[in-house]
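Please read the following report with the sequence and the 3D structure open beside it. The headings name the topics in turn.

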Amino acid sequence: MKKLQLCILGSLFAASLQAQSTDYTKGLSIWFDTPNNLDGRASWYSPATDKAWENNSLPIGNGSLGGNVMGSIAAERITLNEKTLWRGGPNTEKGAAYYWNVNKESAHLLPEIRQAFTDGNQKKAEELTCKNFNGLADYEPSRETPFRFGSFTTLGEAYIETGLSEIGMTDYKRILSLDSAMAIVSFRKDEVNYERKYFVSYPDSVMVLKFTANRPGMQNLIFSYGSNPEAIGDIKTDGPNRLLYTGRLKNNQMKFALRIQAINKGGSLNTTDGKFIVRNADEVIFLLTADTDYKLNFNPDFKDPKTYVGPDPDQTTLAMLDAAAAKNYNELCERHKTDYTQLFGRVKLQLNPHAPMTLQYPAVTDLPTHQRLARYRKGNPDYRLEEIYYQFGRYLLIASSRPGNLPANLQGMWANGVDGPWHVDYHNNINIQMNYWPACSTNLNECVWPLIDFIRTLVKPGEKTAQAYFGARGWTASISGNIFGFTSPLTDENMSWNFNPMAGPWLATHIWEYYDYTRDKKFLKEVGYDLIKSSANFAVDYLWHKPDGTYTAAPSTSPEHGPVDQGATFVHAVIREILLNAIDASKALGVDSKDRKQWQYVLKHLVPYQIGRYGQLMEWSTDIDDPTDEHRHVNHLFGLHPGHTLSPITTPELTNAAKVVLEHRGDGATGWSMGWKLNQWARLQDGNHAYKLFGNLLKNGTLDNLWDTHPPFQIDGNFGGTAGITEMLLQSHMGFIQLLPALPDAWKEGSVKGLCAKGNFEIDIIWQDGKLKEAVILSKAGEPCNLRYGNLTFTFKTTKGKTYKVMVENEKLKKIPL
């Protein structure tokens with residue numbers, strides 16, 4: 001009788017699990033059909049050797065807490081990150097005075113450098129700049145004790161041993177569902193179907209892991225935690241089903257905490273030696289919360305070593321875990337999905353939806369992602385893979401950048417070592433900016449707020465940097481930033497990369513970008529305008545007002561490329577952008593007419609763009625460009641993208657010169673560089689060439705898990721790729737909305753829903769046979785709508801909250817009743 005009851009119970013359990021089972025590979029997903037091994041675990045000091053993590057892991061996150069799911073059989077391994085866990089800052093051993101003593105007082109040397117340029121003495125100008133316009137903080141920890149710049153660092157790793165082996169295992173899948181922001185691992189072993197699910201909830205600030213099977217009593221698990229070796233801490237039992245790790249980083253005493261709760265159905269649960277031991281359970285759920293004592297500070301006290309120290313993470317993690325544990329799994333999962341999908345679901349992209357890819361054998365859509373990518377690299381079309389890549393960029397931004405925390409860093413928020421490439425920092429000479437290129441255009445305005453707050457943390461320290469080096473008003477930043485208000489150049493005398501005073505103004509253009517998309521005047525008045533204005537004032541004061549009346553940038557450089565110059569095109573382009581932003585912002589608020597006149601005057605007298613002997617847009621003040629140079633940075637095309645002072649429509653001659661530059665630089669390079677060129681070709685409105693760059697990015701700059709690679713892994717290329725595809729379908733940077741400006745021949749038909757244009761418009765587009773079929777435009781601010789499609793233009797007034805349909809009829813754009 002007991003055997004019959006057990007049989008019935010097992011059948012009901014299996015039926016229940018099967019009823020809930022979903023094939024996540026059929027949606028927007030990235031998936032693998034083979035498990036990872038455990039060889040790379042705890043690669044604390046050599047993360048680059050952990051190739052499985054870089055190529056095959058699945059990233060999950062809520063903007064604060066992140067993890068990478070490895071999906072091994074014998075033991076699940078999850079690398080953990082908390083985005084504020086950083087070494088460095090004013091609380092290192094030598095204190096606040098040491099940390100902030102990073103600027104050189106060099107402004108008094110500017111007249112001598114400029115006179116050297118006047119005298120034609122390039123060597124003297126360069127030597128004075130290299131010796132005096134670096135900083136006092138080193139970028140390499142081996143050359144400075146204590147290391148004050150710091151680095152993003154791992155939270156450690158979680159391991160869940162299963163007691164299973166791969167012998168006899170079948171039907172393995174490791175999936176990242178972009179539709180639900182959930183990772184899933186499933187396989188069959190000894191006639192038992194096992195499934196694991198993982199997600200990180202933004203509304204509940206918790207990572208959730210769920211282990212199930214289609215038979216009862218199959219969960220025999222040991223949960224353990226491997227801590228960061230550059231921290232001092234311990235793990236202890238914190239109640240009958242909880243563990244608590246508390247630690248401090250050795251470098252700066254930053255305190256952090258990780259709390260874990262285990263919830264079992266059936267079987268037994270014990271805690272011993274800092275581990276959970278589960279026996280014969282039907283189901284096990286683990287809840288993880290983590291935090292540090294870092295405090296975002298817009299007004300740091302330069303004398304206080306703890307100016308960035310805030311609430312005790314022991315208490316914050318306890319409150320988060322208590323609140324999460326009060327909800328059951330289904331509630332946590334539904335709250336997570338609701339929160340995520342209201343962001344992710346805003347944009348839908350279909351490319352050639354009727355293309356007969358599924359007629360290939362085996363069907364492309366039935367293949368794991370890395371095999372599809374391998375086929376794509378051989379020239380086989382896969383438009384669904386292109387859609388997945390596009391949406392993956394949006395997924396990564398949502399997962400790594402949510403309000404209330406720091407912006408996405410060089411690796412978003414995912415790192416597997418004590419330190420990482422370029423300290424996994426905030427690189428301000430394109431990388432952090434590129435992270436946010438797709439934010440507003442792909443309907444993720446909320447995700448910009450961490451960047452805005454980060455910029456606000458730079459202002460007070462950046463005022464000191466602006467004064468020390470340039471005697472200037474306002475604020476600026478330099479090439480590398482951390483979470484502790486670092487705005488100075490570093491010690492290196494190589495000015496090609498270390499001298500970048502335009503980092504601040506470039507960042508400030510994102511403030512205007514956010515306003516231009518949202519038209520939120522309250523934001524502009526209360527937060528944005530002062531950031532823009534002070535940055536524009538810095539740009540004005542930084543410039544050399546020459547005796548002939550012109551303004552030029554001396555000294556200046558083209559980031560990571562070439563000599564110290566007296567007028568690098570990149571610098572002038574950024575200055576044009578921030579001055580135009582300041583002018584428009586002051587007009588929007590009706591303030592500062594006197595300042596506006598100065599900005600307009602400087603803009604009018606700024607040294608213009610120049611075309612060189614090869615017909616190229618010159619990168620420097622002299623015509624020294626090399627047509628065989630294929631350098632990854634295309635700085636001098638800033639005005640084409642991300643700026644708006646070069647356009648095929650308004651400046652055709654200069655734009656042709658920009659095209660020559662892109663032809664010279666070629667269609668290869670690092671992942672992020674191909675992402676930038678993709679955007680630039682889209683701005684040139686050459687859809688076929690833009691598509692070629694997209695193809696090259698996907699084929700040659702993308703890892704098997706669709707992460708971008710520099711190499712190594714660097715997330716900005718993912719965001720640049722998503723932004724570039726958007727630019728191919730919709731542009732609005734020139735004061736009008738351009739529909740399908742760079743549609744390639746390869747995308748014969750398709751649709752996109754939910755893209756955003758400046759002026760606070762939301763737009764759906766359908767095209768067939770390579771031509772616009774219709775556009776549906778929602779006006780969210782009631783601004784006039786200026787449309788352009790090819791050579792056709794159409795302007796009409798709008799009402800806030802009203803939707804309009806536009807089609808081409810008789811060679812004209814016309815409104816069609818909905």
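This is a predicted model: local features need pLDDT of at least 70, side-chain atom pairs count only at pLDDT 80 or more; totals for chains, interfaces and linings use all residues.

Most residues other than glycine have a negative phi, and most peptide bonds are trans. Asparagine 280 belongs to strand S15, which covers residues 275-281.

## How the protein is divided

The division gives domain 1 (38-88 + 152-295 + 304-345), domain 2 (108-149 + 381-729) and domain 3 (748-817). The centres of domain 2 and domain 3, taken over C-alpha atoms, are separated by 31 Å, and the contact between them takes 13 residues from domain 2 and 15 residues from domain 3.

An unreviewed UniProt entry places the feature "domain: Alpha fucosidase A-like C-terminal" at residues 731-808.

The size of an interface is often given as the accessible area lost when the parts come together. For domain 2 and domain 3 the buried area is about 1,100 Å², and 56% of it is on carbon and sulfur atoms. Within domain 2, the residues that lose the most area to domain 3 are Tyr517, Arg519 and Leu729, which together account for 46% of what that side buries.

Which elements give two or more residues to the side of domain 2 that touches domain 3? Across this interface eight residue pairs are in polar contact, and the elements in question are helix H13 (503-518) and helix H20 (716-729). H13 gives the most to that side of domain 2, with four residues. Sorted by class, the side of domain 2 that touches domain 3 has five nonpolar, five polar and three charged residues.

## Salt bridges within and between domains

Side chains of opposite charge can pair when their charged atoms come close. The structure holds 39 salt bridges, and the count between domain 2 and domain 3 is two. Arginine 519, named above among the residues of domain 2 that lose the most area to domain 3, forms a salt bridge with glutamate 783, and the closest N and O atoms of this pair are 3.3 Å apart.

Another salt bridge joins arginine 215 to glutamate 191, with the closest N and O atoms 3.7 Å apart. This pair links distant parts of the chain, 24 residues apart: arginine 215 is in the loop between strand S9 (206-213) and strand S10 (219-226), whereas glutamate 191 is in the loop between strand S7 (182-189) and strand S8 (192-201).

Conventions
Residues are numbered from 1 along each chain as its sequence is written. Side-chain values use heavy atoms; hydrogens and water are left out. UniProt positions are given in the numbering used here, feature names are shortened, and annotations may be inferred rather than shown by experiment. Domain bounds come from an automatic or database domain assignment. Contact means heavy atoms within 4.5 Å. Buried area is the accessible area (1.4 Å probe) that two parts lose on being put together, summed over both. A salt bridge is a side-chain nitrogen of Lys or Arg within 4 Å of a carboxyl oxygen of Asp or Glu. A polar contact is a pair of N or O atoms within 3.5 Å; within protein, one must be able to donate a hydrogen and the other to accept it, and residues adjacent in sequence count only if both atoms are side-chain atoms. Ala, Val, Leu, Ile, Met, Phe, Trp, Tyr, Cys and Pro count as nonpolar, Asp, Glu, Lys and Arg as charged, and the others, Gly among them, as polar.
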